[in-house]
Amino acid sequence: MQLLRVAWALAGAALCCALLLLLHSRLLKEGQLAAGTCEIVTLDRDSSQPRRTIARQTARCACKKGQIAGTTRARPACVDARIVRTKQWCDMVPCLEDEGCDLLVNRSGWTCTQPGGRVKTTTAL
């Protein structure tokens, strides 16, 4: 009798879990992002100029309240909106770990300088 009760309890728990997963998947419909995440939508590269590559990236983000789309460690990410408002781009840690970050003079973006001297410049639109 005790074993039968345990079996019914486990079956009920499994059914509840299945229903919760079904509800969760319905709430996060196809194409929706989870809060606080980003994905790259388009990435275009132009290498027509010597020693220079121009890359344009479009990202889609579902940021939480007080956050806005930005860049962290060279990837799209949700960052504190204050960083974008004040144009303190290096505060969002946009460069890779071994790179140094510097603001452009007109604060329209930033540069990431690699140890070998290569510089990547990013402008924010």
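Q: Is the disulfide of Cys90 and Cys101 left-handed or right-handed?
A: This is a predicted model. The torsion about the S-S bond of Cys90 and Cys101 is about -85°, so the disulfide is left-handed.

Q: Where do Cys90 and Cys101 sit in the chain?
A: Cys90 is in the loop between H2 and E5, and Cys101 is in strand E5. They are 11 residues apart, and the pair links distant parts of the chain.

Q: How far apart are the sulfur atoms of Cys90 and Cys101?
A: The sulfur atoms are 1.9 Å apart. The C-alpha atoms of Cys90 and Cys101 are separated by 5.9 Å.

Q: How many disulfides does the structure hold?
A: Four. Number the bonded cysteines in sequence order, and the pairing reads 1-2, 3-4, 5-7, 6-8.

Q: Which residue does Cys95 pair with?
A: Cys95 is joined to Cys112, with 2.0 Å from S to S. Cys95 lies in the loop between H2 and E5 and Cys112 in strand E6, so the pair ties together parts that are 17 residues apart in sequence.

Q: Are Cys95 and Cys112 buried or exposed?
A: Cys95 has a relative accessible area of 3%, so it is buried. Cys112 is at 4%, so it counts as buried as well. The cut-off for buried is under 20%.

Q: And what is the angle about the S-S bond of Cys95 and Cys112?
A: It is -85°, which goes with a left-handed link.

Q: What about Cys63? Which residue does Cys63 form a disulfide with?
A: Cys63 bonds to Cys78, and their sulfur atoms are 2.2 Å apart. Cys63 is in the loop between E2 and E3, while Cys78 is in strand E4. That pair links distant parts of the chain, 15 residues apart. The Cys63 and Cys78 link is left-handed, with -85° about the S-S bond.

Q: How exposed are Cys63 and Cys78?
A: Cys63 is partly exposed, with a relative accessible area of 28%. Cys78 is buried, at 13%.

Q: New topic. How many aromatic pairs does a search of the whole structure find?
A: One. The rings of Trp89 and Trp110 have their centres 5.8 Å apart.

Q: Why is the pair of Trp89 and Trp110 called tilted?
A: Their planes are at 40°, so the pair is tilted. Planes under 30 degrees apart would count as stacked, and over 60 as edge-to-face.

Q: Where are Trp89 and Trp110?
A: Trp89 is in the loop between helix H2 (81-86) and E5, and Trp110 is in strand E6. They are 21 residues apart, and the pair links distant parts of the chain.

Q: Are Trp89 and Trp110 buried or exposed?
A: Trp89 is buried, with a relative accessible area of 7%. Trp110 is buried, with 5%.

Q: Which side chain does the side chain of Asn106 join in a polar contact?
A: That of Ser108, through a polar contact of 2.7 Å.

Q: How far is Asn106 from Lys87?
A: They are 9.9 Å apart in space, C-alpha to C-alpha. In sequence, Asn106 and Lys87 are 19 residues apart.

Q: Which strand gives the largest share of the lining of the largest pocket?
A: E2, with six residues. Several strands supply at least two lining residues each, including strand E1 (37-46), strand E3 (67-72) and strand E7 (119-123).

Q: How does the lining of the largest pocket split by class?
A: There are 19 nonpolar, eight polar and eight charged residues.

Notes. Residues numbered from 1 in each chain as written. Predicted model: local features only at pLDDT ≥ 70, side-chain atom pairs only at ≥ 80, totals over all residues. Heavy atoms only, no water. Helix = DSSP H or I, 4+ residues; strand = E, 2+ residues; numbered from the N terminus. Nonpolar A, V, L, I, M, F, W, Y, C, P; charged D, E, K, R; others polar. Polar contact = N/O pair within 3.5 Å; in protein donor to acceptor, adjacent residues only side chain to side chain. Phe/Tyr/Trp six-rings, centres within 6.5 Å; stacked < 30°, edge-to-face > 60°. Buried < 20%, exposed > 50% of the residue type's maximum accessible area, 1.4 Å probe, protein only. Disulfide = S-S within 2.5 Å.
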